[in-house]
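Hi,

Here is the structure I said I'd pass on.

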Amino acid sequence: MKNILKSVGAKRRVLIVEDERINREILGNILMTEYEVVYAENGQQAIELLQKEADSVSLILLDLMMPVMSGEEVLKICRSNDELSRIPVIVMTQDDAAEVSSIRGGADDFIKKPYSMPEVILARCERIIELYEKKKLIDSAETDPLTGLYTRDFFFEYIRQLERYQDAQMDAIVMDIEHFHLINEIYGRGEGDRILKKIASVILAELSNGYGIACHCSADTFYIYHSCTADYRGLAERILKEMAAVSFESAKIRLRIGINQNVDKEEPPEQWFDHAKLACDGLRGDYTRQTAYYDSAIHDRQLYHEKLIRDIDSSIANRDFIVFYQPKYGIEGDRPVLRSAEALIRWKHPELGMISPGDFIPLFEGNGLVQKLDRFVWAETAAQIAQWKKKFGFALPVSVNVSRIDIFDPELEDRLTGLLNQNGLSSNELLLEITESAYSDNAVRLIEVIHNLRDKGFRIEMDDFGSGYSSLNMLTTIPIDVLKMDMKFVSNMLKDEKSLKLCELVMDISRFLDVPVVAEGVEEKAQLELLKDMGCQIIQGYYFSRPLPAEQFEALIQKEEELAAKKS
Amino acid sequence: MITLEALRRFGADTEKGLAMCMGNEALYLRLINSVPEQQRFDELSHAISEGKRDEAFEAAHALKGILGNLALTPLYERASEITELLRNGADADYERLSAELTEERKALAELCEQCD
């Protein structure tokens with residue numbers, strides 16, 4: 001700071017409080033070399049001056065024995081006032097006894113009378129001022145001005161300091177608010193801030209009963225480090241109860257609390273909270289509870305997921321991902337006819353072996369990486385269709401998955417038409433499956449994309465129909481070419497009446513929309529017969545074939561060709 | 001105005017006194033010149049003759065600080081002695097000690113006037 005001031009030709013201001021004129025002049029003459037000096041002849045004057053311009057004073061040099069108001073009284077006033085207590089005080093005295101009492105009273109240093117050498121006085125003043133300036137910087141970075149809780153960096157620094165001196169069992173707690181960004185958007189920043197402040201004050205009140213510290217980590221996330229107590233479950237419940245008692249503009253605040261009990265002190269503190277956060281994140285969308293505890297199962301799953309995320313790129317490059325094909329048969333005629341296929345991805349991980357799509361697809365859908373898989377599958381499938389087209393003289397259409405995130409890719413249409421061009425395919429040979437839940441997400445963008453794709457000749461199949469939340473109204477506005485009935489209905493249609501009825505309902509809707517239905521997951525002849533009776537045109541499932549690698553799938557095309565030839 | 005040479009002969013540690021004033025001779029001599037007029041001397045002798053030891057201590061204490069800062073050794077030593085005796089509540093011939101200090105003050109005052 002000193003150098004910054006020097007560079008602009010400014011000096012810090014020092015207040016000398018001293019009743020003896022000669023002492024004032026001597027001291028002033030010394031300090032003038034480095035500071036702007038202001039004087040007070042007694043305590044009263046000093047306080048009056050400070051009340052007016054406390055801001056501009058960097059240091060107080062205080063004589064103890066003065067008329068009107070003594071130095072001790074000045075010190076007392078300074079130390080009991082928020083604004084004045086940020087100014088350092090050096091006491092000037094001859095008595096050793098006075099040193100002790102003024103240290104207790106809050107003095108920061110002493111200058112002996114008669115004075116020591118001027119250089120010593122200047123050095124002491126400089127040291128104290130710098131110390132206070134640094135402390136002030138630290139104080140302002142230490143807590144978050146909105147909530148008064150520690151900031152993240154200081155929180156972790158204090159935990160590390162704490163851990164040097166204690167080895168009690170501690171819990172790491174992470175708390176956040178569901179859909180907080182929506183609260184900010186709908187009710188405004190002010191309302192959001194009000195909620196954060198309230199949560200912070202409840203947390204602080206909780207901590208005052210026990211042993212712990214808390215920080216406002218980011219937007220709506222709070223970290224609490226708290227000693228394990230018999231009723232630590234109560235902590236979360238009390239905070240929730242307090243929050244429930246407060247009425248905010250927004251109808252309902254849903255807090256999520258993740259607790260990592262009795263943290264493993266061998267791990268770094270950040271990890272304690274990463275784990276608590278993991279438990280907290282696990283509550284997303286779970287409306288049955290608000291608190292979750294971290295355990296090793298969550299941890300193992302996290303490690304597993306991290307590995308999958310880490311390996312996706314190398315596995316794409318090494319072709320550990322393989323596209324399988326499951327045939328779709330038309331069942332309207334006397335015999336089933338191979339109509340098309342669905343491309344399905346399989347992961348033959350070099351260390352973990354075959355990984356079920358159920359393990360990695362939802363993970364990659366969640367973090368957007370599914371886009372990489374989709375593009376890989378599109379390219380593989382397009383090349384495969386072209387290869388079969390060349391070999392057999394006709395193209396068997398294959399459907400590929402288009403994930404929610406792909407819809408927002410501005411280059412989606414160019415990407416797909418580019419693939420067709422590369423492989424010499426026409427747009428009706430690569431079918432696009434879009435899952436029903438994507439339809440409710442951003443209908444405007446989706447409708448736009450689908451219109452563009454259909455204009456280019458692509459055919460759109462609505463996947464998992466019946467599982468999502470499409471309103472019937474939306475179905476009439478979104479142009480689709482095929483409905484794919486949710487697999488669950490087919491699996492249960494023989495077992496429960498409701499599923500059977502839903503199958504019939506989907507068939508009714510398809511007739512209304514005038515589009516064909518593909519039934520997935522058909523395993524038994526009885527299912528096939530029922531669906532056929534309902535008017536279902538296309539069947540996909542183990543009844544005909546499981547998903548097959550390309551070489552094996554070829555045999556099905558071959559057979560189809562032979563049957564067709566025989567008939568003609 | 002008194003000179004450094006005269007002060008040195010008087011027994012002041014002028015080197016130290018000047019250093020205290022950051023080598024500013026004019027300031028140093030001006031401050032020395034104002035010492036004989038210090039009210040504190042009168043307060044001290046008055047309090048001693050009245051037997052008011054607390055007030056006497058306060059005045060002696062203040063004088064000790066000033067005189068020490070200016071390195072006026074002959075006066076400083078006497079003020080110091082009185083201060084410490086009063087601080088310890090010792091029985092001493094304070095009238096005589098005060099008179100001695102007054103003598104030194106006079107001597108300094110004469111020195112200041114002579115040089116004018």
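Two strands count as paired if DSSP finds at least two bridges between them. Keep in mind that this is a predicted model.

Strand E12 (residues 337–349) of chain A is joined to E14(A) by 2 bridges, and the two run parallel. In this pairing, Glu342(A) sits opposite Ser399(A) in E14(A). E14(A) also runs parallel to strand E15 (residues 430–435) of chain A, with 5 bridges joining them. There, Asn401(A) stands opposite Glu433(A) in E15(A). Of the 5 residues of E14(A), 4 are buried, so the strand is largely enclosed by the rest of the structure.

Next, the nonpolar cores. The largest has 76 residues, and those touching the most other members are Tyr325(A), Phe360(A), Phe364(A), Leu483(A), Met485(A), Leu531(A) and Phe553(A). Helix H14 (residues 370–392) of chain A gives this core its largest share, 10 residues. Leaving aside neighbours within four places in sequence, Leu531(A) is in contact with residues including Met485(A), Val490(A) and Ile539(A). A second, separate core has 60 residues, among them Val37(A), Leu122(A), Ala47(B) and Ala59(B).

The axes of H2 (residues 21–31) of chain A and H3 (residues 25–34) of chain B come within 10 Å and cross at roughly 170 degrees. Angles over 145 degrees count as roughly antiparallel, and H2(A) and H3(B) are therefore roughly antiparallel to each other. Residues making the contact include Ile22(A) and Ile26(A) of H2(A), and Leu27(B) and Leu31(B) of H3(B). By type, the contact residues are 4 nonpolar, 2 polar and 3 charged.

Cheers

Definitions and conventions:
Residues are numbered from 1 along each chain as its sequence is written. Chains are lettered from A and ligands numbered from 1 in the order in which they are written. This is a predicted model: local features need pLDDT of at least 70, side-chain atom pairs count only at pLDDT 80 or more; totals for chains, interfaces and linings use all residues. Side-chain values use heavy atoms; hydrogens and water are left out. Axes are lines fitted to C-alpha atoms, for helices over the stretch in contact, and angles run from 0 to 180 degrees between N-to-C directions. Angles under 35 degrees count as roughly parallel, over 145 as roughly antiparallel, 65 to 115 as roughly perpendicular and the rest as oblique. Contact means heavy atoms within 4.5 Å. Ala, Val, Leu, Ile, Met, Phe, Trp, Tyr, Cys and Pro count as nonpolar, Asp, Glu, Lys and Arg as charged, and the others, Gly among them, as polar. Buried means under 20% relative accessible area, exposed over 50%, partly exposed in between (1.4 Å probe, protein chains only). A nonpolar core is a set of buried Ala, Val, Leu, Ile, Met, Phe, Trp, Tyr and Cys residues joined through side-chain atoms within 4.5 Å.
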